[in-house]
Structures are given as C-alpha cells and as structure tokens.
Amino acid sequence: MSVTRDEVLRIARLAELEVDEETLPELSEQMSRILDYVAQLSAVPANGTVKIFVPGPDAIRFRTDEVSPWPLAFGPAEFAPAFKEGFFVVPRLDQFE
Amino acid sequence: MSDAKAIADRLTKVRRLNALLTPSKDLRKSLTAQAAAARPTGVLYGMPVAVKDNICTLEFTTSCGSRILEGYRSPYEATAVAKLKAAGALIAGKTNCDEFAMGSSTEHSAYGRVIHPLDKARVPGGSSGGSAALVGSGAIPAALGSETGGSVRQPASFCGVVGIKPTYGRVSRYGLVAFGSSLDQIGVFGRSVHDAARVLSVISGRDPRDSTCEDRDPLRLPTVPESLQGFVIGLPREYFPPELDPGVRRACERAVRFLKEQGAAIREVSLPHTAYAVPTYYVLAPAEASSNLARYDGVRYGPRFNGAADLRSLYRSTRGQGFGPEVRRRILVGTYVLSAGYYDAYYRRAQQMRALIAQDFRNVFDRGVDLLFTPTTPTPAFKAGEKLGDPIAMYLSDIFTVTANLAGLPAMTLPIGRVKGLPIGGQLIGQAFLEDEMIEAAYALERVVPATDEA
Amino acid sequence: MASGWETVIGLETHVQLRTKSKMFCGCSTAFGAPPNTQVCPVCLGLPGALPVPNGEAIRLAVRAALALGCTVHPKSVLARKNYFYPDLPKGYQISQHDQPLATSGTLSFISPERGGVSAGIIRLHVEEDAGKSIHDRFPKATAVDLNRSGVPLIEIVSAPDLRSPAEARAYLLTLKQQLEYLGISDCDMEKGSLRVDANVSVRRAGATELNTRTEVKNINSFAFVEKALTVERDRQIAVVESGGAVMQQTMLYDSKENAVRPQRTKEESHDYRYFPEPDLPPLVLTPEFVAEQQSDLPELPSAKRDRFAAQYALSREHAAVLTASRAVAEYYESVVHAGAEAQAAANWVMTEALADAGDHQEQLRVPPAALAQIVALVKGGTLSHQAAKRVFAEVAAKGGDPRTVAEALGLVQVADTNVLAGWVSDVLGAHATEVARYRSGETKLMGFLLGQVMRASRGKADPKLAQRVLEEKLASAP
Ligand SMILES: [Mg+2]
Ligand SMILES: [Zn+2]
C-alpha cells in the first residue's frame, strides 16, 4: 500500500499542518513506509474477541463537586500570544464558519 | 549557599554536551534561591535533580525541545516536581530531549543534538538524552526523564547509568506534557540503583489530579538483599535473537551468570508477540500524539509563526513551522490511522495486539517467574546521523523497551559492562507495582557486575 | 406549502448540568464572570494538564437517563472528538462515542397535531462544553472566552420521530420541563444551558423511507425552534419540488433574517477521529448506585399531572397548569396540605400566585400556609374576595399573618348581627320610600337596599349576613 500525495494533503489539512511542496514526495514516501511497516498488525485476529487492555485503574474515580480551581501562578495575559481586554484573540472568524 | 554554586559549576563544566537547556546564569540564580528555601528535613535535602524539558516547572521554561513552545513558562508545576521540592531536592535545570519526546537519539530537538558523554560522535539515546548524558557525565546524581516507549531506559543504557520506568499509574503524569497518554510515565535516572530508587520513591504515589494514577502509597524503598535466593528470573528468547550485537550478548550472558551466582533461578521463557510490539507502538503512540499535540495551535500560548490574516493559516503555519520533521511525521501518521475508514485496520488492531502483548507477560508471570532479564537495547550507542534518514531503523532501537510501556509494567536498566568502551545496559522487567522486587534484584546485580569493564 | 409533505425531525439536545464546578476541573460554572477568570490549567488545555471527572455531573446525567427510561450501562467509555476551533482548547472535546452512558429511552409528549405521542431517545451521553467565540467584540478579530470551557453537558439524541416543527417544539418543551423537574439543569437557552441541533428531512406524505437530511444548528432560543425548522423544511420542499436534491450539509439558522445558510467549513473537518480518552479510565457505575438514583427520582410532570387531576378532583387543564413547573406543583400541594380546599387553592395559585411570581422573578412570595389562611378567611366569610386579593398583595410584598394584615387594613367583614342591625336601621330610616315600595311587592329593591347597607358599613359588612338581617327587619311590622 502507498500513501498518495493527495492523501498526505488531506491528512495534513485534518491535522492543520502546513506542508510545503518540496517535502511532499519524501513525506508520502516515509508515511507509506511507516504504514506498510505497521500493517503487519493485520496478523492479529480481527474477530474482536480480544479484550482490550488499557493500563491504569479499572474505573474512574470521581471528584466531589466543589469550586476549587487548580491554581495558576500567573494568568493568561502572561502566556497568550495575543490577549486583549481579558480575551484570547485570533484572526476574525465568520459567525457562520 | 556554596552547595548551589558547586552544583551550578559542575553543570556548567559539561555545557559542551548540550544536555541542559537552562542558561547557566538562570540556573545559578534559581539554585541559590531553591537551596535557601529547601526543607532541611526532606529525604532528598540538597540533592540536585535535573528535569526533562517536557515536565512543567515554575522555575524554568518548558519547551519540550520544540520551537512551538519556545520560551514557554508554565503557570503551574508537575506533581512530580512539587514532590521533589517538598522532599528538599533542588531542581537543577531543564534537560534537552527529542522534540515532545519523539525520538531515540535526542537528535530531534529544536535546540540541537545532545552529545554522548563518552564519545562525541555518538548519540546519548533518547528521547531523554539530556538527562541521561548529564547523569552519565557525573555532573549530577539523578534526573527525571519520561518514557513512552523506552525513552528513559534506552538512553540510560547508552550512557551507562541506571534508568527506571515505573508501573503505569505509579507516578502522576500531571504536568508531564502528554505524548502517548496511555504509555507515558515519568521515569528516573541515577548514578546508582539507590539514587534512582530514592528519587522514584519520592515522586511516586497517589495524585488527585491524574485519573490514571493509582490510589497507592509511595513506593517503599527496598533494602539491598543478601542474595537472590528464591527469585525466578526469566530470559525471554525473543529478546536474544541471532542478529543481536555480539558485545551486547556477551554482556548479558555475563550478567546472567552473576544473577545465578547470587542465587536466582534462571528460566528460558517466551513472549510470542514481541515482534509486533514496535508496529503496535507506532500506531498507538502517534494516534494519541496526534490528538495530544492538537492544542499547540498558537491561540493560547507559545509563539505564532506569521502574521496570518485568517485562522486556518495561523493554525497551519504555527504548527507547520513550530513542529520539527519527526513530530510532523508522527502527527500525520497518527491522524491517518484514526481517520475515517482506517481506524479498524490500524488503531483497533493495534489495541488488540497490545492486549496480546500484555497477556504474554501475564502468562509468564503466572507461571512462577518473578522478573525478566533482557538486553535493554539491541546495540550500544550509535553514531549521530546514522539513523536519521531511516525512521524505522530508529524505531527498532526501542524493540526491547516498548513492550513494558505497552503492558504498563515496571522496567529498569543498569550498566552491565562495556563493549569497545561503550556502556551496555541490562534490563529487568517486573510485575505491575512490584518495583521493589525489581529494584532488589538490581541491587544484587549492581553489587557484583563490573559495570565499567569490557564484557 | 407543506401540504402533501411530511417532515422528519430528530433533535440533538445539549443540556448543561447543574453543578458548581466544571466537568473535569474545579473551576466555577457560574454565569457572567469576566472573561477568562474561571479557568485553570485543565480547562485552558495547558501542556501537561489532565482531566478529573466531577461525580455530581455523572450522577445528574444518570438521573436524566433514568427519567427518560434509558438503559444506563454499567460501563461506558469517554472518548475524544478531535477538531480544531479556537474555543476548543485541547483540540478535542471529551465526549462519548461508541459506548455512551445510556441508550434506548423514550419521551412522551403532547403533539399539537397528533395528540399524545412518544419519541425514542437513541442515546444520552456526557461531555464537556467548549468556550465561547465572540465575533463582534473586536473589528478584525474573534475574541475567545474560556470560562465555559469544560462545563458539564449531556447530549440527548432523539430518534427521527418528530413529524413537524411544532412537534419538535413540543418535544423540546416537555424535555425541558422534565429536566427542570429533576433539578438537572435550569435549561435556559438564553444563557446557553440548553442548545438544540436538528436533523431535518422531508418526504411525500405516506412515504416511509428516510431521505437525505440536513443538520440545522445555531437555534439559540425556544422562540426560534419552530421558525428555524419551518424555514428549513420549506427550503427542502422547494428544492425537491423544483426537481433538485437535498444535499447532506450543516445549515446555520440566522434569526435576524429568519433564514438558513450552509456552514462554510470543509467536509473533511467532520472526520472527528474519535478514540477512547486515554487520560480517563472507563466510567463504571455499580448497580447499587444506579438503583439508588432510580428509587430517588422525583415524580415526573406527566405522572404528577395525572395524580393532581385524580387526587384533587381538578380538570386536566388545571392539573397541567399546576404541574408545569415543579416549584409551582410543590407550592400548590403545600397550600392544600396547609388546609386549603383543593379547587379554591388551585384558583388562587393559578391566578394571584402565578401572576405575582411572573412579576417577581418566578418567586412564589406568599408562603403556602398564608395562602391557605387567606383561602380559609374567604370561605369563613371573614374576607370578601376583593379584600382577600388586597391581603394577598400585602402579604406578598411585606409578609405577615393574613388575618393581622386584613385587620390592619380594616378589611375584616363584620358578622356581628347587632352591628349589622344598626346599619340596617339607619338605611331603612333614610330610605322610607323604597322600604314602602318593597313592602308593597317590589322585592327587586332588595339589591338596592343591601347596597346601601354595604355602603354604610364601608364594605365591611358580611353581605350574606347583612341580607338576612335586612330581610328579617323588612318582614317585621313597620
Ligand atoms: Mg455533542
Ligand atoms: Zn478549570
């Protein structure tokens, strides 16, 4: 199997990643090799009888419903790349976007 | 505070390794302040511990070796860091690493590669290469790293130091910048088993801020055992393939003889799905990473990479230019395997394989084996640039370490000799939450193995 | 326009759960704080932060599911829904996907066209809200406020069982009423605590297949539900009637123009790449916990309406008005329990109490025992109905014991026959001509004379008793 140039572009759009034209052939070649390599997993029985394993606790522990915000040493104004009148600011989006 | 100054001086002397990202001046200033504030009754009082750059600290920036977080100061600190400070330890700067912990050589850092402490042409391993190189250089007794697929054990092995990855859920991940959340654990480096174990014991234990952290008391430090009488140690045959580096094989065989001499029973075992571990890992880790790294979008923190007129181009240029090539590659692979039409073929299969790999370990442990012994890496430290053009070759250097992450098991490496001057690591893999047994065996081996001699 | 056509509608309703703190962090959910002041590492999506679930949010979600007759699953899974938007800090929403909290319920409601019907509930799951993007705050920029980010929600997905825009509205109002009853949410669309998206398709009347549907979003007030769906229905019918085909797309409702427009995002951005949230173990609920929530559910509106009609011998209309909100229903029952006669209490609650509440932020200001006393004072002849209304208003505004208030206002009726006899004598003396005419058979003058007695008493005479005294005096010899 092989990942086409168009597929790389589609995935890059999904991931909101800019990829430039020159790196595209190499990128699709590398993605193809990686995906071909991991495709050996199709040796696993696909009948779904394997019980999924997830490490960590077996069940969620719940927090009690209390207002106790985890503290910030300094506020968003200090780390945001664009912050105005208390808001994070991004280029204008249409309301219907 | 001469201690703080001495620590800063030792770290400054090994600047050439490019292992520490914190500027010397900032480090000296912070160490002095920390030393003045440290609790004299803490069990790690005055001990300098360097911290991988993907673990949040209030003292220093947290850039994850990435341009996308260049200059980022976290407004909160990781639970592990808070626990270290509460125990009187001094946070001795942030260590260089592969960008977002993605890599096995610490060549994928936006801030330049880390140099192996014994051979400047070689890599220290990765992704926690900065922490490994600093401890390996002798500048510092211990450091924190993080593991997703061997990123503590592999560089520890390359640099000739002890590296421990605890059981998944043993140490809080709160404040560890996520890469593959179901695989990530903070791990420790130490000059000795004792140094590594005491740091691990301090950072371990419950944390209400991490739902995947087990509700358990901190790890209790085991004592050095008289012998390994009663220990059954398994040697999984899949970890000793014919193509294994001969030097690595010799060192392991010698270590096994020492284990036997200490009274351990040695048994050959099989973990039949081992060959699938790397492909499983390279589906699950990128899939989780593609989602975990979605938050770096130039909206709330980190630099923006152009004066984009519209939001989509702000996203695309910030992420396209802020992430390096390996991170971009993994985000794309991860996005691909989760995307419509591919999920079942990749992600679901990988989940199923993960379950089979975990079951392999349970089967062996259920049959009376206490611990497994394996080489940590298939080769000693390789040369810089050697695997950069071939991602899969790079991925395969994690072949013996990713399994413990997939199965969530504790595992550690300790130096068991050298080959042509390069350190070789021996790996112990333990049962979930039985780090104490694993550390006991490591104590016993460490006591007798000539770690710096040719194997 | 819609004749010959049938509309098929399914609703996806997002409801904010009534908790003090957010779904996955300890930040406050209070409405109206200055922007980005109720935020922390978790809900800002800072590097390294992790979610910790709020048990109360899960409890409320389970109650909502049980009230809708859903099967609550002993184990469900939280999942990440991945997409990029500036008010979604992590680049994914923690939601549920292929293993939701609850499935297969129903909601019964009164359809304006079909009468009593029920709609299937396909699923109910928990999730976190995004922040808020404000597009008109700055000239060339969108402002992002993350105070809402991480607020707990449930999403309730109905089957495509609704057959008209009006029916969709009725479903939604019934759902809202039920959730308010359960204390799960305040369901205030204006504050964003209830939001609805609709899947809409049309087909020829009598057809059974499901045609291509569109999703209508941005319906942000109850008033617009019916309007938005009508506009979209009519648009689809027009498309099909002119020989076109409805395209599967997302339509955004513009309430200013009363129009829908297709959303301008790429189709591929809807590939959400769901996968299990690795930061959270499975959501496991013990059978004991679920049973406890079940047994602890309050009486739901329809059951309460039926019971009121039967137990208090009320008309169905009155029972419906009294059970429209849980607060009013409980108030009514308290008034009755305090001794008021059921129908009189109903009349008082439906008129004076609800009108007063409407003017005073839905506060039922007269305590139930006081209203019961007012009802009793009227029944016992101590207060006229008009006087009682004045007492009600006074007690509502200033509090106090109704009898004391009535006395202070001089509204208590005089039922002392000696006093009444005095007023009657005065009136008979002053109107000798009318008395004579009455005695000669012009009995309709009783009304006039009684009016004079009431006037003489300045409204305080008990009218029934006054009439009796008057009749007695007129019957006796002059
Ligand atoms: Mg939703
Ligand atoms: Zn928060």
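Q: What makes a residue pair across the interface of chain A and chain B count as a polar contact, and how many such pairs are there?
A: The rule asks for N or O atoms within 3.5 Å, with one able to donate a hydrogen and the other to accept it; residues adjacent in sequence count only if both atoms are side-chain atoms. Across this interface, 14 residue pairs pass, both partners at pLDDT 80 or more. H1, H2 and E2 of chain A each supply at least two residues to the side facing chain B; helices (H or I, at least four residues) and strands (E, at least two) are DSSP runs, numbered from the N terminus. H2(A) gives the most, eight residues.

Q: What kind of model is this, and how are its parts numbered?
A: The model is predicted: local features need pLDDT of at least 70, side-chain atom pairs count only at pLDDT 80 or more, and totals for chains, interfaces and linings use all residues. Residues are numbered from 1 along each chain as its sequence is written, chains are lettered from A and ligands numbered from 1 in the order written, and side-chain values use heavy atoms, without hydrogens or water.

Q: Why is the pairing of B:Arg316 and A:Glu16 called a salt bridge?
A: A salt bridge needs a side-chain nitrogen of Lys or Arg within 4 Å of a carboxyl oxygen of Asp or Glu. Here the N to O distance is 2.6 Å, so the pair qualifies. Chains A and B share three salt bridges.

Q: How do you know that A:Glu85 and C:Arg137 also qualify?
A: Their closest N and O atoms are 2.7 Å apart, so the pair meets the salt-bridge rule. The count between chain A and chain C is one salt bridge.

Q: Why is A:Ser32 called buried?
A: Buried means under 20% relative accessible area (exposed is over 50%, partly exposed in between; 1.4 Å probe, protein chains only). A:Ser32 has 7% relative accessibility, so it counts as buried. A:Ser32 lies in helix H2 (residues 24–38) of chain A.

Q: What area is buried between chain A and chain B?
A: About 5400 Å², of which carbon and sulfur atoms give 68%. Buried area is the accessible area (1.4 Å probe) that two parts lose on being put together, summed over both. In chain A, A:Glu16, A:Leu41 and A:Phe53 lose the most, together 13% of what that side buries.
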